[in-house]
Amino acid sequence: MSLPAEQAVLDAHYMARALELARKGRYSTHPNPRVGCVIVRDGVVVGEGWHVRAGEPHAEVHALREAGELARGATAYVTLEPCSHFGRTPPCAEALVKAGVGRVVAAMQDPNPQVAGNGLKRLSDAGIAVHSGVLEGEARAINRGFLKRMEQGLPFVRVKLAMSLDGRTAMASGESQWITGPAARSAVQRLRAESSVVLTGADTVLADSARLTVRAAELGLDPELTALAESRPPLRVLIDGRLRVPLDAAFFQAGPALVVTCATTISADYQAAGHEVLSLPGNDGRVDLAGLLEQLAARGVNDLLVEAGPRLAGAFARLGLVDEYQIFVAGKFLGSTARPLLDWPLERMSEAPRLKITEMRAVGDDWRVTAIPDPAPGV
């Protein structure tokens with residue numbers, strides 16, 4: 001049933017604010033979705049809230065606390081269907097019923113099988129008017145990783161690449177610091193902070209002494225969001241098929257990590273140093289990347305950022321495992337002997353994979369290109 005035009009405009013207006021609140025959780029809610037809530041009574045916003053981190057109150061609870069008795073008879077705008085099950089926190093659908101709200105507008109249904117329409121049904125059964133689908137596209141974009149994990153059992157995979165104008169990533173010697181400038185590096189820090197996992201390969205760690213940590217001083221965020229990003233660092237995953245990276249490397253000294261290898265005999269030194277090792281050999285003598293993604297999703301990983309050299313990044317691309325490329329382009333040439341962007345041998349133009357560029361913007365003196373495979377993985 002369609003809504004009157006004036007009501008539809010108002011719903012979109014307040015939902016846009018709820019989405020703005022939801023985005024504040026992009027650095028801290030893992031493995032939960034990012035959710036915002038706005039409560040409106042007689043055309044006045046009486047309560048707002050957003051989900052800050054897993055295990056703490058959800059967005060609806062924060063908004064209801066702020067609204068108090070003014071929530072009775074009001075309209076609640078929520079970016080994701082209110083939960084209907086007991087997890088680490090009580091169900092939000094019950095909280096809305098108890099508060100006596102008169103109407104609930106959700107941007108989208110929750111694909112989590114534990115919810116999946118049950119939250120909206122509980123509200124409707126309690127006599128609360130329910131409407132769903134307002135700014136659903138924007139709501140899905142905020143939680144692409146959570147949605148992919150719930151719908152496909154896989155995390156959303158971004159591959160970050162930095163290159164020169166002639167498509168090179170490092171000199172023939174392996175030297176690569178720095179291709180891009182400070183603004184681009186700050187953007188990469190935010191990509192890391194948004195991710196559940198940052199994944200790299202042995203080549204990158206050995207060549208660059210890479211640590212793959214989030215450097216708070218380079219995030220360029222306000223103090224509140226910086227503190228949240230620091231409080232939930234991403235899991236660092238190292239693909240090291242032959243266990244070439246020594247335990248005294250900077251990567252391991254930076255904190256606990258997950259090492260994924262083809263080796264079946266694992267030294268106890270890794271565990272003693274606080275690291276986990278996962279043996280996952282594939283059919284070709286390399287790590288089973290597709291199997292790894294399934295295992296990470298089973299651990300609750302929503303968003304995975306790949307920061308690796310041409311071989312590992314190329315492997316993800318060739319296997320069709322990439323959902324999005326974040327390519328930072330510097331205004332310089334590295335020359336014909338420098339290393340390519342991806343290790344992906346192609347012989348014919350017809351073999352060239354198609355990409356859809358969704359955004360291009362200047363980042364300091366560099367350019368940031370966002371591109372997605374066309375068609376997308378799984379299509």
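**Core and sheet: a quick tour**

Let's start with the largest nonpolar core: it has 47 residues, and Met15 and Ile39 touch the most other members. Keep in mind that this is a predicted model. Which helix gives the most to this core? Helix α1, residues 5-23, with 6 residues.

How many strands form it, and in what order? There are 5, and the order is β2-β1-β3-β4-β5. The sheet is open, with mixed pairing. At the edges sit β2, residues 44-50, and β5, residues 129-132. Each of these pairs on one side only. Ignoring direction, neighbouring strands are turned by 15° against each other on average.

Back to Ile39, this time through its strand pairing. Strand β1 covers residues 36-41 and strand β3 covers residues 75-78. They run antiparallel, joined by 4 bridges. Ile39 has Ala76 in β3 as its bridge partner.

Last, the helices on the sheet. Helix α2, residues 59-67, lies across β1, β2 and β3. Helix α2 runs at about 140° to β2. Helix α4, residues 118-125, also packs on the sheet. Helix α4 touches β5 and β4, the latter being residues 103-106. The directions of helix α4 and β5 make an angle of about 155°.

Definitions and conventions: Residues numbered from 1 in each chain as written. Predicted model: local features only at pLDDT ≥ 70, side-chain atom pairs only at ≥ 80, totals over all residues. Heavy atoms only, no water. Pairing = 2+ DSSP bridges. Helix = DSSP H or I, 4+ residues; strand = E, 2+ residues; numbered from the N terminus. Axes fitted to C-alpha atoms, helices over the stretch in contact; angles between N-to-C directions. Contact = heavy atoms within 4.5 Å. Core = buried A, V, L, I, M, F, W, Y, C linked by side-chain atoms within 4.5 Å. Buried < 20%, exposed > 50% of the residue type's maximum accessible area, 1.4 Å probe, protein only.
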